[in-house]
Amino acid sequence: MARENHREDVAGRANVEDTPELLAYYDELESFSAGALWTVANKIEPWAPKSQSLPMLWRYKDLRDHVIRSVDLVTPEKAGRRVIYLNNPGRSDVAAAVGWIYAGLQVMNPGEVAGAHRHSASAIRFIMEGTGAYTVVDGHKMTLGANDFVLTPNGTWHEHGVSEDGSLCLWQDGLDIPFVNAMEANFYEVHPDMNQAVGFAVDDMTKTWGNAGLTPYGESWRKGYSPMFKYEWAPTYEALTKYSAATAGSPYDGVMMEYVNPVTNGPVMQTLGASMQMLRPGEATKAHRHTGSYLYHVAKGRGYSVINGKRFDWSERDIFCVPSWAWHEHVNLSDRDDACLFCLNDLPVMRALGLYREEALADNSGHQPLL
């Protein structure tokens with residue numbers, strides 16, 4: 001059997017030449033479902049991360065009509081959830097948009113409801129357009145508007161819908177399904193009543209936990225995810241604007257703030273993190289790279305990003321990804337208006353496992369040459 005031995009003529013790396021005797025030996029090992037480490041060592045222990053994901057840009061103007069067309073083709077009841085998922089060619093085997101993160105665009109008409117369910121995967125929603133959308137998580141109902149960020153943590157009952165007096169709504173879904181499946185730990189359950197009762201005041205979790213610098217007296221929260229299920233756009237943008245007046249910002253990310261669990265000041269969920277960053281008018285960041293996968297959603301403005309030497313032009317509602325250990329930098333093309341990028345990432349996993357690493361580009365004043 002022909003084999004690729006991944007030989008490297010470097011001290012300390014596998015560099016074994018094939019011989020007829022060795023090839024026969026490998027065949028014998030294979031018959032016992034075993035193998036010689038030196039035939040794969042250089043592949044499974046690379047010098048640096050080699051992401052299977054490709055840098056990608058999904059333009060909203062290209063996808064929107066196709067997403068809406070699904071309304072006429074399938075019902076939420078038959079489809080479970082009427083979603084068009086984002087397929088990274090390098091991760092098609094696990095239906096991921098980048099790394100171990102799944103993403104899709106979901107559409108619902110006024111009066112429609114996607115039945116209640118729960119699963120081991122953690123999920124977020126980022127609202128793109130429309131009025132009247134809502135999510136119910138473990139009996140807590142959240143009303144949703146454009147650029148609101150919503151959590152449906154692992155193990156929680158949740159359902160989505162659009163009120164009768166609303167309009168057609170679209171939002172981005174983001175889940176750690178590929179990661180949970182890789183851990184062989186995914187469960188899925190449909191609510192016995194298909195829908196759950198709302199047991200609390202509408203938007204109670206944001207009203208309780210979303211007050212800057214204040215913790216509700218007498219309230220306790222010991223779960224591993226944030227109790228603030230909804231992070232609204234208006235206060236998020238206001239916080240970025242205030243912060244931008246008090247900081248020079250990061251040379252690599254502009255003015256960036258992380259969404260946090262107000263109880264722990266840690267990530268919103270144990271496997272998925274999120275941030276919102278502002279690029280001020282005309283701002284161009286320097287290039288860096290890090291472990292961890294990033295999925296960006298353009299919340300405001302227009303510009304471009306250079307990822308591993310390739311330019312990707314983006315505008316509002318576009319989605320693009322930066323694979324792990326890929327060089328990237330961002331540019332706001334407007335000299336008058338700021339641009340804002342929402343980012344879903346797997347940094348909580350990277351940090352918890354001690355795998356996070358970052359590097360700045362030292363050459364060419366910190367900017368990548370275009371390929």
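Select Arg-7: with a relative accessibility of 44%, Arg-7 counts as partly exposed, because buried is defined as under 20% relative accessible area, exposed as over 50%, and partly exposed as in between, using a 1.4 Å probe and protein chains only. Before going further, note that this is a predicted model, in which local features need pLDDT of at least 70, side-chain atom pairs count only at pLDDT 80 or more, and totals for chains, interfaces and linings use all residues. Residues are numbered from 1 along each chain as its sequence is written, and side-chain values use heavy atoms, with hydrogens and water left out.

Arg-7 and Glu-17 form a salt bridge, with 3.8 Å between the closest N and O atoms; the term stands for a side-chain nitrogen of Lys or Arg within 4 Å of a carboxyl oxygen of Asp or Glu. Both residues lie in the segment before α1 (20-31), so the pair ties together parts that are 10 residues apart in sequence. Helix and strand labels such as this one are DSSP runs, numbered from the N terminus: helices are H or I with at least four residues, strands are E with at least two. Glu-17 is exposed, at 52% relative accessible area.

Next, pick Glu-8 and Arg-13. Their salt bridge has its closest N and O atoms 3.1 Å apart. Is Arg-13 buried or exposed? Arg-13 is buried, with a relative accessible area of 17%.

**Second stop: a nonpolar surface patch**

Select Leu-37, Val-40 and Ile-44. Together they form a nonpolar patch on the surface, with about 270 Å² of accessible area. Patches are built from residues with over 30% relative accessible area and no salt bridge, joining like charges within 9 Å and nonpolar side chains (Val, Leu, Ile, Met, Phe, Trp, Tyr) within 5 Å. The areas come from the Shrake-Rupley method with a 1.4 Å probe; for residues, only the protein chains shown count as cover. Ile-44 sits in helix α2 (residues 41-44) and counts as exposed, at 54% relative accessibility.

Show β7, β6, β9, β4 and β11. In that order these 5 strands form an open sheet with antiparallel pairing. At the edges are β7 (140-144) and β11 (188-190), each with a single partner strand, so one side of each has no neighbour in the sheet. From one strand to the next, the twist averages 25°; axes are lines fitted to C-alpha atoms, for helices over the stretch in contact, and angles between N-to-C directions run from 0 to 180 degrees.

Zoom in on β6 (residues 133-137) and β9 (residues 158-162), which run antiparallel and are joined by 5 bridges. Strands count as paired if DSSP finds at least two bridges between them. Which residue of β9 stands opposite Thr-135? His-160 does.

Within the sheet's strands, select Arg-118 and Glu-189. Their side chains meet in a salt bridge of 3.0 Å, N to O. This pair links distant parts of the chain, 71 residues apart, with Arg-118 in β4 (residues 113-119) and Glu-189 in β11. Both are partly exposed: Arg-118 has 28% relative accessibility and Glu-189 has 35%.

**Last stop: β16 and the annotated ranges**

Select β16 (residues 294-300), where 6 of the 7 residues are buried.

- β19 (residues 319-322) is joined to β16 by 4 bridges, and Tyr-294 has Val-322 as its bridge partner.
- β21 (residues 339-345) pairs with β16 over 6 bridges, and Leu-295 has Leu-344 as its bridge partner.

Finally, colour residues 105-167 and 276-343, which an unreviewed UniProt entry annotates as "domain: Cupin type-2". UniProt positions follow the numbering used here, feature names are shortened, and annotations may be inferred rather than shown by experiment. Residues 105-167 are 0% helix and 59% strand, with end C-alpha atoms 16 Å apart. For residues 276-343, the values are 0% helix and 56% strand, and the end C-alpha atoms are 6 Å apart.
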